[in-house]
Amino acid sequence: LGCSYPNPKPNPNPNPNQVLSLLLVTHDRAFLERTCGEILELDNAAVYSYQTEGSYETFLRRRAERIAADDADLGRQQELLKREAAWDAKSPRARQAKSKSRSAAFQDLKEANEQRMGDRTMSAATAGAGIDLGAAAAAAAKAQGGGRQGPGGAKRAGERRLGQKVISFEGARLSVNDGKLKLLDGLTYAFSRGERVGVVGRNGAGKTSFLRALVGETPLTDGRRVVGDTVRVGYYDQRGLQTAGNERQKVLDYVVSKVKLGVDEAGKLGVDDLRLLEDFGSGAVGVAAKGAAPGSSAVGVDVARQLLTKFGFPASRWQDEVAKLSGGERRRLQLLACLAARPNLLVLDEPTNDLDIATLGVLEDYLDGFRGVLIVVSHDRWFCDRVLAPPPLDENDPDVDTRRSSLLVFEGDGVVRHF
């Protein structure tokens, strides 16, 4: 986002004729509201200006109005194109010739419409338009034998069941540089079911290292990390999409491999499994097809195709190599990989740094229905305020008395305070 506004700080030697301007790019929407009154949006090589008067919500509303007006104009253009195409297809009457000017105008209109449709497709592909993360997670849950409704029948995010024991640290110590830099110094903390935790602190205080210790990537220097039997972790790493060096893997094959991680190990078919047999075939529940080894196809390719569609990947990209994806597409694929296994403990490390407005909005909506444990590191105060509040609860929810929002503040030198 490019933004400009007269300098908000008072000048000790004010000049009534001087107006200072500020131009910045930021992911911190709270900072944006405090400092800027105009937002510039770059979309399809065009720049759009919005007078927001310090309100990000105003920007979102006026942006939506612009897109709606553009959609309406495009619809009118397509109707006109349809009528002109019908005229162009007709043969001229006897002793008459078609109007050359009208034919030329039809070709110009056709080219302009193709250009606009191409721009719209490119914008959707790069901005994640049309993604429904809740529907995608629900599809994964359905395909993997799960899926529940939230309070009042609301759509839930599709996470798997979580037991009473989540993850806890007991006297955890973590240091780097041969012990010269302490990141954790005797941390004892137990995450509870449904808890939402914001992890904050200055750069270099150890927030990301803590997350990697939390998910088991980095061993503790001392102390214990205890993980519950039912915990399934989804980790959105700020390092980006991790493909284990296999960048030449096809997008569809990559998604199939990730969705397989979400299959519950079960020896018998339940009611959900029987429904899946009808909807997706035997491959969706790990039932061996004729001539195939038992469990050889835990999840059908159809399920992966559904997820890719819901995440805004057209079929034309499914056989592309992962290495050929754009930066925005890689981030969406990373989100897909993170959610496909139906985690009940979701760890997001700076998720707003590389996600566009459209994808960020649907991620926030998805988290509204997430009932697992959510742990977030972010400098985006707007995002933290938006997602760290506990989700709406039903009075019959067994965790109604235990859900909470917390902050873990990394103060440096291994000191972590809980609020």
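The accessible surface of the protein amounts to about 22,100 Å², of which carbon and sulfur atoms supply 50%. The model is predicted, and it contains 11 helices and 12 strands. Of its 419 residues, 43% count as buried. Among contacts between residues at least 6 apart in sequence, 66% join residues that are at least 24 apart.

In soluble globular proteins, nonpolar side chains tend to be buried together. Here, the largest nonpolar core comprises 38 residues, and the members touching the most others are Leu308, Leu333, Leu346, Leu348, Leu367, Leu374 and Phe383. At least two residues of this core come from each of helices H6 (251-259), H8 (301-310), H9 (327-340), H10 (357-368) and H11 (381-387), and likewise from each of strands E9 (345-349) and E10 (373-377). The most is given by H9, with seven residues. With neighbours within four places in sequence set aside, Leu346 is in contact with Gly234, Cys338, Leu339, Tyr366, Leu367, Phe370, Val373, Leu374 and Ile375. Ile375 itself belongs to a second, separate core of 29 residues, which also includes Leu183, Ala205 and Phe410.

On the H6 side, the contact involves Val251, Tyr254, Val255, Lys258 and Val259, which meet Leu333, Leu336, Ala337 and Ala340 of H9. Leu333 is also one of the residues that touch the most other members of the largest core.

Technical notes
Residues numbered from 1 in each chain as written. Predicted model: local features only at pLDDT ≥ 70, side-chain atom pairs only at ≥ 80, totals over all residues. Heavy atoms only, no water. Helix = DSSP H or I, 4+ residues; strand = E, 2+ residues; numbered from the N terminus. Buried < 20%, exposed > 50% of the residue type's maximum accessible area, 1.4 Å probe, protein only. Contact = heavy atoms within 4.5 Å. Areas by Shrake-Rupley, 256 points an atom, 1.4 Å probe, with all protein chains shown as cover. Core = buried A, V, L, I, M, F, W, Y, C linked by side-chain atoms within 4.5 Å.
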